[in-house]
Amino acid sequence: MPPPSEEPRFLHVHGVVRADHPLPDSAVGVGCPAGPPTLLPEGPLAAVVSRTHEEPRARRRDLTAHHDLLLSLASGGPVLPMRFGTVAPDEGTVRALLSRELGRYPAALDRVEGRVEMNLKVLPREESVPDLVRSDPGLGRLYRETRRRPGYETRLRLGERIADALGRRTAEAARETLRRLESRTVAGVPGPPVAGCSANFSFLVERAGVARFLEEAERCAARAAPYAELRVTGPLPCFSFVPEAPAATGTRGPRAGVA
């Protein structure tokens, strides 16, 4: 732990809010010791920052503190979240970023006001392979041939055919799920590819409509079984719906809203 007299050297940027946004009473920042978050205003905008003696590292307690702070902030108004680890060398760097984005960030705050992000991942159910083989005549014939004449090539061909068939059914379930969930959302954007997932999609959902979204997701999960599994995460900070902008000169770490 640094000496009490040592000034914090790092400025961790949590997100961007309106200048009059209230700060949660019990909120804490990141680092050890974790200092309280403060507002750094620039015109109609403000950055929520916390000062720390050490450069933020992806430790569970700091990741959790960052996530919890963003959710707490969202209860008091719209927030444009920054990815964990966005660090600026000084206040001037943060103010320069806010000043440069005065033409876009206010509209982005209007867009996410009263809304949250919900994430959907669609994955194949590996345990459904026996049922898939039984229900597909072609796979059934190939399976029986592999049992009669075991060998590397026949096993490889069977494995490829099973993977293709399961992939098609999972992709169909993903398309149908996205179609049904879109009626419960304001907007949706595809996320980056995730190993093992047929779909990774984020939705912007009215906070008051989260329960209805989850109910529809449950119905979709029932339809997708037994070949696909739906994993829904949220409510989340609206990372996927923040305008992408280059970080201000001197700022290190991920950019606002970049997946």
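Arg-18 is partly exposed, with a relative accessible area of 25%. The model is a predicted one. Across the whole structure, 13 salt bridges are found.

**Salt bridge between Glu-113 and Arg-18**

- The side chain of Arg-18 meets that of Glu-113 in a salt bridge, with 3.0 Å from N to O.
- Arg-18 belongs to strand 1 (residues 10-18), while Glu-113 sits in the loop between helix 3 (105-112) and strand 6, so the pair ties together parts that are 95 residues apart in sequence.
- Glu-113 is partly exposed, and its relative accessible area is 39%.
- As a general point, side chains of opposite charge can pair when their charged atoms come close.

**Salt bridges within helices**

- Which residue forms a salt bridge with Glu-91? The partner is Arg-95, and the closest N and O atoms are 3.8 Å apart.
- Both Glu-91 and Arg-95 lie in helix 2 (residues 91-100), where they are four residues apart, about one turn of the helix.
- Glu-91 is partly exposed at a relative accessible area of 33%, and Arg-95 is partly exposed at 27%.
- A salt bridge also joins the side chains of Glu-216 and Arg-219, with an N to O distance of 2.7 Å.
- An α-helix has 3.6 residues a turn, so residues three or four places apart point the same way.
- Glu-216 and Arg-219 are three residues apart in helix 7 (residues 210-224), which separates them by about one helical turn.
- Is Glu-216 buried or exposed? Glu-216 is buried, with a relative accessible area of 7%, whereas Arg-219 is partly exposed at 37%.

**Helix 2 and its surroundings**

- At the start of helix 2, Asp-90 has a side-chain oxygen that reaches to within 3.2 Å of the backbone nitrogen of Gly-92.
- The buried residues in helix 2 are Thr-93, Val-94, Leu-97 and Leu-98.
- These residues are on the same side of helix 2, because they cover an arc of only 135° around the axis.
- What do the buried residues of helix 2 pack against? They pack against strand 1, strand 2 (38-42), strand 3, strand 5 (87-88) and helix 3.

**Ser-50 in strand 3**

- Strand 3 (residues 45-52) contains Ser-50.
- Ser-50 counts as buried, because its relative accessibility is 0% and buried means under 20%.
- The side chain of Ser-50 makes a polar contact of 2.7 Å with the side chain of His-14.
- Neighbours within four places in sequence aside, the residues in contact with Ser-50 include Phe-10, Leu-11, His-12 and His-14. Gly-29, Val-30, Gly-35, Pro-36 and Pro-37 are also among them.

**Strand 8 and its partners**

- Strand 8 (residues 199-206) is mostly covered, with seven of its eight residues buried.
- Strand 6 (residues 115-124) runs antiparallel to strand 8, and eight bridges join the two.
- Met-118 has Phe-203 in strand 8 as its bridge partner.
- How many bridges pair strand 7 (residues 187-190) with strand 8? There are four bridges, and the pairing is in the antiparallel sense.
- Val-189 has Ser-202 in strand 8 as its bridge partner.

Terms used. Residues are numbered from 1 along each chain as its sequence is written. This is a predicted model: local features need pLDDT of at least 70, side-chain atom pairs count only at pLDDT 80 or more; totals for chains, interfaces and linings use all residues. Side-chain values use heavy atoms; hydrogens and water are left out. Buried means under 20% relative accessible area, exposed over 50%, partly exposed in between (1.4 Å probe, protein chains only). Two strands pair if DSSP finds at least two bridges between them. A salt bridge is a side-chain nitrogen of Lys or Arg within 4 Å of a carboxyl oxygen of Asp or Glu. A polar contact is a pair of N or O atoms within 3.5 Å; within protein, one must be able to donate a hydrogen and the other to accept it, and residues adjacent in sequence count only if both atoms are side-chain atoms. Contact means heavy atoms within 4.5 Å. The arc is that of the directions from the helix axis to the C-beta atoms.
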